[in-house]
Amino acid sequence: MFTLEDTSNDSRQGNAATMEPPDNYDEQSTTKPPQKVTYADSAAFMGGVGLPAGTIILTTLFCLRMGAEMMLRHPVETLLQYALVAGIPLGNYVVWKRLRQQNFSNVIRIGLVSGLTVGTSALITVICLIAGITGIQPESGNGVDYPVSISCCGAVAATSLLASLYLMRKLCRSWETQGARNSQFVYSLAGILLSLFVVGASEGRQTVVKLAERAAMTEDTVQRASALNILHLPLLDATTELRRDIADPRSGGLSGMMLGIPTTASRQLYFNLTARPYESIADLGADDGTGDQVFSNSYDQFLASQVIGEVVPGLSLKRSQIRGAINSRTLTSNLEWTFVLKNKGATYSEARAEIALPPGAVVSKLTLWQEGRPQDALITANRPANTAYSKALSENQNPAAVRYLGKGRVLLQCFPVTQGKEIKVSATMVAPLKLDSQSQASLALPRLVASNFTTGISHDLHFLTDANLTLAAAKLHSVNNADKARLYVGSIKDQEAKNTGLSLVASRPAETGTISSHNTFAGGYTVQTIKEIPNTVPKNLVVVIDGSKGMKDFKGEISDMLSKVEKLTPTSVLLADSDSTEAPEELSVSAAIKQLNNSSFDGGHDNLPAVVKAAELAGQQNDSAVLWIHGPQPALNEEIYITSQAASKPSFYDMALDDGWTNTSNFLKNHQDIGPMIPIARTGKLNEDINRFIAQWQPGGHHYSVQITAQATKPEGSEIAGQDALDLSILGAAQACKQYIIDNNKQDATQVAIASHIVSPVTAGAVVSTHDLGADNVSYSHSAAHATAADKAASTDSLSGFTNSALDPQETAVASVTTSPGGQRQILVGTTSGTIGIQSADATIVQGVNTCGTVRVNNLANLEAGLNIIANLAELTGIILGGFTIVDGFIKGRNVKRLVYGVSLILLGLATPGMINWLVASARDSALFN
């Protein structure tokens with residue numbers, strides 16, 4: 001242990017009057033010859049500099065992803081905390097070096113540095129000690145043994161704390177007067193307080209959010225309401241914090257580790273705050289018994305709530321037209337929605353649109369116009385279609401794709417929309433009409449749910465039919481009359497094209513029975529049977545009404561419905577407008593209407609307690625029913641309620657006003673005795689849908705059942721031909737595909753979907769070139785005669801004018817074949833479901849496509865390219881400079897400092913590309929720049 005006994009410099013004695021270092025001390029040179037390093041000094045160096053520095057480097061390498069996520073979530077706060085942690089070895093080294101050299105200039109600064117190292121080391125030690133005692137462990141650990149890691153970090157921090165305290169004590173004792181020692185201690189104490197302040201300030205907002213989150217999960221309704229009000233404050237931005245916590249709980253920082261709540265609770269709280277469920281493909285693709293789930297091997301949680309992304313500046317919809325042929329007698333329609341997009345931005349862009357199909361509809365064709373020539377998409381299994389599109393996208397080619405998102409929605413993509421130019425793309429779909437009465441049918445129009453381009457224009461409508469069509473919003477009118485067919489034209493506003501409730505109403509002959517068509521794809525016949533079924537009026541009806549924010553605009557229609565249905569059957573109401581896990585009280589219709597009018601409809605409310613209680617109330621009488629009217633609900637409620645034995649199982653009706661996102665099967669997973677829920681089709685305005693539904697309870701009333709089946713022999717009844725026959729075969733194929741999915745027979749579902757050329761949960765479509773797959777992957781079998789016959793059948797219908805690509809039934813294991821403008825055949829092969837493949841230098845593999853949209857977000861493409869160039873230059877620069885520094889160190893007599901600097905530069909250069917890739921991947925996964 002070295003001593004500092006030289007008092008030749010009067011300034012070392014301090015000011016005799018004040019017993020403090022002199023005012024001009026920082027300006028004086030007090031450097032003395034280096035002192036001999038003792039064993040205690042060496043131990044302090046190893047424990048305060050070497051050990052924490054090595055731990056920081058190893059932790060950074062093994063936790064790079066988590067560090068990048070934390071940096072993106074709270075950049076300023078995280079940088080401050082990283083600086084404090086990195087300051088432990090750096091600060092101890094500075095103090096150790098000053099003591100060895102007896103250099104005591106800048107006394108205040110060196111005291112603050114010493115205090116910062118002590119305070120930071122003490123904080124980490126205490127945090128690790130608390131974490132070890134309480135057993136705190138972040139979720140999604142990716143196989144990391146957190147108890148061992150926390151124990152190791154605590155041991156390193158404690159060792160560093162002892163070394164820092166030793167150096168601080170030695171720094172204070174280097175002064176010979178008590179006043180000077182006290183002043184030095186005060187400066188160090190100020191550094192300790194500064195470290196506490198920095199950590200407190202950086203974690204203050206997150207700590208308030210976490211405490212409010214924990215309070216919002218209690219059973220005390222008053223405390224819950226107060227906590228939710230706090231979380232609604234814009235300054236806290238609690239919804240973003242929750243979304244990031246759900247995506248990766250490890251990135252929540254100190255407050256997230258010490259005060260975090262489980263992911264399931266975070267999802268429930270996110271729903272309570274936003275009235276929107278946070279769902280992943282595991283939730284939305286779950287088997288709900290309808291055959292609508294999406295197949296993929298896995299999913300990317302960070303993109304679980306992102307489908308389209310933000311609007312691309314300069315990208316807009318220039319023109320839009322929906323045209324089609326409608327046959328109300330066969331209850332079939334063939335619709336084509338065409339978009340013309342224009343890019344006024346500075347760079348080319350990928351256009352994306354999410355389209356909600358009419359109930360029961362399927363996409364049968366995608367066309368992209370390139371240089372005025374149409375190119376049809378190849379519809380094949382998910383894996384080859386997604387991989388080919390991703391490859392073409394990464395190579396800046398001009399592909400387009402249509403993918404099934406689930407819940408009757410598809411994602412339409414095309415790339416590139418070149419700056420200053422326009423592009424044209426269309427999607428063709430086959431949709432069934434809903435039979436409202438014996439002489440009237442309705443058709444819900446497709447909707448533009450979301451897009452990354454601006455719209456704001458009117459959408460033109462052109463429908464060819466032999467029936468009378470009405471659509472008040474579009475002011476449809478007939479412009480000609482030839483050969484029974486009439487052309488109806490009109491237009492709808494942009495907002496109407498995005499909202500539910502827009503349906504065509506078509507007249508039809510008052511007839512029931514059977515019609516059939518020859519199945520072009522699989523042989524045999526597709527049979528449609530219409531049956532008239534007498535209505536059964538329930539003896540008791542329990543209505544459950546969701547009190548969430550999304551229901552506010554519908555309370556008038558719901559009140560009218562309650563008044564009407566009360567006249568038909570005894571009715572009681574449960575209003576689920578509370579966050580309590582206890583069920584709401586049973587209300588009369590008049591009391592429920594009054595409460596509806598006074599309800600605030602804020603946030604999201606879990607309806608499970610109310611649905612369970614409604615099932616019990618309805619089950620007390622025979623021939624009862626439960627009607628559940630609701631907005632979005634949580635993906636999965638973990639609560640388990642005890643249900644009593646019912647005297648009779650009631651009927652359950654589900655009227656969803658949530659755009660079809662709630663998976664009722666998954667929602668009622670822990671209560672299998674409730675249900676099955678019979679969905680009420682939404683094809684018009686809410687009051688029209690409600691009136692149509694309760695009309696079936698009118699005395700002596702009837703409703704109609706439409707079934708599509710397949711059989712080998714020709715049935716009795718009329719046989720249709722042309723486009724209508726092809727459309728009926730496609731609808732039959734879609735039904736068969738769905739049934740195969742229900743039966744978990746994915747291979748046969750894929751074969752049926754490819755053969756009938758439809759986009760389904762197991763198939764997708766892409767406009768790509770053959771070389772995207774490589775010559776070795778070209779494998780196809782095409783029956784030209786059969787395709788010609790199908791095209792001939794499609795062209796014989798005077799009502800259509802639209803054709804559908806048809807394939808040989810033997811082509812179930814291969815893709816469709818189309819021809820590019822240059823005569824090059826475009827081929828996709830394979831029948832297995834899969835994931836979107838890696839894209840060029842992209843650091844993330846985006847896996848799966850789902851209803852909330854884990855899809856490739858390409859807005860960072862140019863930024864990635866620029867950052868890759870910077871990363872490569874930084875890597876090269878670091879290696880070159882580090883190499884020269886190492887050589888210079890050897891030339892100068894093995895200068896240890898130069899050697900350390902050289903190795904550090906090389907390591908920094910090598911780590912730069914990885915760090916930038918992690919940051920970009922985390923930014924994309926967190927959808928920060930969509």
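How many bridges join E7 to E27, and do they run parallel or antiparallel? 4 bridges join E7 to E27, and the two strands run antiparallel. The views below come from a predicted model, in which local features need pLDDT of at least 70, side-chain atom pairs count only at pLDDT 80 or more, and totals for chains, interfaces and linings use all residues. Residues are numbered from 1 along each chain as its sequence is written, and side-chain values use heavy atoms, with hydrogens and water left out.

View 1. E7 covers residues 400-406. Helices (H or I, at least four residues) and strands (E, at least two) are DSSP runs, numbered from the N terminus. Strands pair if DSSP finds at least two bridges between them. In E27, glycine 765 is the bridge partner of valine 402. On E8, 6 bridges join the strand to E7, again antiparallel. Here arginine 403 stands opposite leucine 411. 7 of the 7 residues of E7 are buried, so the strand is largely enclosed by the rest of the structure. Buried means under 20% relative accessible area, exposed over 50%, and partly exposed in between (1.4 Å probe, protein chains only).

View 2. The hairpin of E7 and E8 has 2 residues between the strands. Lysine 407 sits in the turn, with a positive phi of about 55°. Strand E8 (residues 409-417) also holds proline 416. A cis peptide bond joins phenylalanine 415 to proline 416, with omega about -5°. Most residues other than glycine have a negative phi, and most peptide bonds are trans.

View 3. Asparagine 744 lies in the loop between helix H19 (722-742) and helix H20 (746-755). Its phi is near 60°, a positive value in a residue other than glycine. Histidine 757 lies in the loop between H20 and strand E27 (763-767). Histidine 757 also has a positive phi, about 60°. Which is asparagine 744, buried or exposed? Asparagine 744 is exposed, at a relative accessible area of 63%. Histidine 757 is buried, at 2%.

**View 4. An open sheet of 4 strands.** The order is E10-E11-E17-E14, with antiparallel pairing. Strand E10 (434-437) and strand E14 (469-470) stand at the edges with a single partner strand each, so one side of each is left without a neighbour in the sheet. 2 bridges join E14 to strand E17 (residues 503-507). Across this pair, leucine 469 stands opposite alanine 506.

**View 5. Helix H2.** H2 spans residues 64-73 and is mostly covered. Of its 10 residues, 8 are buried. Among them are Leu64, Met66, Met70 and Arg73.

**View 6. The loops on either side of strand E22.** Asparagine 622 is found in the loop between helix H16 (608-618) and E22. Asparagine 622 is partly exposed, with a relative accessible area of 47%. Proline 538 is 84 residues from asparagine 622 in sequence, yet the two stand 8.6 Å apart in space, C-alpha to C-alpha. Glutamate 638 has its place in the loop between strand E22 (624-630) and strand E23 (651-656). At 47% relative accessibility, glutamate 638 counts as partly exposed.
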